[in-house]
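Here's a quick briefing to read with the model open beside you. Let's walk through the fold, the core, the charge pairs and the surface.

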Amino acid sequence: MSGEDNLLRLVEAEDGDENNYHLQDQVGFILRKAHQRHVSIFASHIGDLTPPQFAALAKLYDIGETSQNQLGTLIAMDAATVKGVIDRLKARGLVELAKHEVDKRRLLVNLTAEGREAIERLIPLARTITEETLAPLTAKEAATFLRLLAKLA
């Protein structure tokens, strides 16, 4: 069944019997399936990093050194999760940690030279991943889809 058929069934369900519930028509189920597809595409191109690890590297590349907590906020990860991600990236030599000069409790994270080289090599692959994820959509549909998803985030 196509995405349009699913959407039509969802709209019909809204107009019809409210006791009718089809899992395959629910937003969470559809989002999870889309996410699984995206993660599969990601893994086929970037198999040696997880999406959260890539997100951390990409954001550090974008903004430069920042606190570990701020990085977590910027890439939508809680403190415990981002700590684990950073620890694994540090073990691979892709990021370095330093104490803040004034607030010694604050941990700063930055790309190493190796991390910078890695993310520069991976960004074109990330663009390909996005293109493949959105490939079933026209350019106009993809723009609308991303705009609407951003409203939900």
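Is lysine 83 buried, partly exposed or exposed? Lysine 83 is partly exposed, because its relative accessible area is 42%, where buried means under 20%, exposed over 50%, and partly exposed in between (1.4 Å probe, protein chains only).

Before going further, note that this is a predicted model, in which local features need pLDDT of at least 70, side-chain atom pairs count only at pLDDT 80 or more, and totals for chains, interfaces and linings use all residues. Residues are numbered from 1 along each chain as its sequence is written, and side-chain values use heavy atoms, with hydrogens and water left out.

**Fold and confidence**

- You're looking at seven helices and three strands, taken from DSSP runs numbered from the N terminus (helices are H or I, at least four residues; strands are E, at least two).
- Reading from the N terminus, the order goes α-α-α-β-α-α-β-β-α-α.
- The mean pLDDT (the predictor's confidence in each residue, from 0 to 100) is 91 for the chain, and 88% of the residues score at least 70.
- Helix H1 (residues 3-15) has the lowest confidence, with a mean of 59, while H6 has the highest, at 98.
- Of the 153 residues in the chain, 27% are buried.
- Take the contacts (heavy atoms within 4.5 Å) between residues at least 6 apart in sequence: 48% of them join residues at least 24 apart.

**The core**

- The largest nonpolar core has 24 residues, and Leu57, Leu71, Ile86, Leu89 and Val95 touch the most other members. A nonpolar core here is a set of buried Ala, Val, Leu, Ile, Met, Phe, Trp, Tyr and Cys residues joined through side-chain atoms within 4.5 Å.
- At least two residues of this core come from each of helix H2 (27-45), helix H3 (51-63), helix H5 (79-91), strand E3 (107-111) and helix H6 (113-134).
- H6 is the biggest giver, with five residues in this core.
- In soluble globular proteins, nonpolar side chains tend to be buried together.
- Have a look at leucine 57: beyond its neighbours within four places in sequence, leucine 57 is in contact with Leu49, Leu89, Leu94, Val95, Leu111 and Ile119.

**Salt bridges**

- There are three salt bridges in the structure, each defined as a side-chain nitrogen of Lys or Arg within 4 Å of a carboxyl oxygen of Asp or Glu.
- One of them pairs arginine 92 with aspartate 48, at 3.4 Å from N to O. The two sit in distant parts of the chain, 44 residues apart: arginine 92 is in the loop between H5 and strand E2 (95-99), and aspartate 48 is in the loop between H2 and H3.
- Both ends of that pair are partly exposed: arginine 92 at 35% relative accessibility and aspartate 48 at 47%.
- Back to lysine 83: it forms a salt bridge with aspartate 87, with the closest N and O atoms 2.7 Å apart. The two are four residues apart in helix H5, about one turn of the helix, and aspartate 87 counts as partly exposed at 34%.
- Lysine 59 and aspartate 62 make a salt bridge with their closest N and O atoms 3.4 Å apart. Both are in helix H3, three residues apart, or about one turn.
- Aspartate 62 counts as exposed because its relative accessibility is 55%, whereas lysine 59 is partly exposed at 23%.

**A buried glutamine**

- Glutamine 53 belongs to helix H3 and counts as buried because its relative accessible area is 7%.
- Setting aside neighbours within four places in sequence, glutamine 53 is in contact with Asp48, Val85, Arg88, Leu89 and Arg92.

**The surface**

- The accessible surface of the chain is about 10300 Å², and 55% of that belongs to carbon and sulfur atoms. These areas come from the Shrake-Rupley method with a 1.4 Å probe; for residues, only the protein chains shown count as cover.
- Leu137, Phe145 and Leu146 make a nonpolar surface patch of about 240 Å². Patches are made of residues with over 30% relative accessible area and no salt bridge, where like charges are joined within 9 Å and nonpolar side chains (Val, Leu, Ile, Met, Phe, Trp, Tyr) within 5 Å.
- Leucine 137 lies in the loop between H6 and H7 and is partly exposed at 33%. Leaving out neighbours within four places in sequence, leucine 137 is in contact with Ala142 and Phe145.
- Leucine 146 is in helix H7 (residues 139-152) and is partly exposed, with a relative accessible area of 45%.
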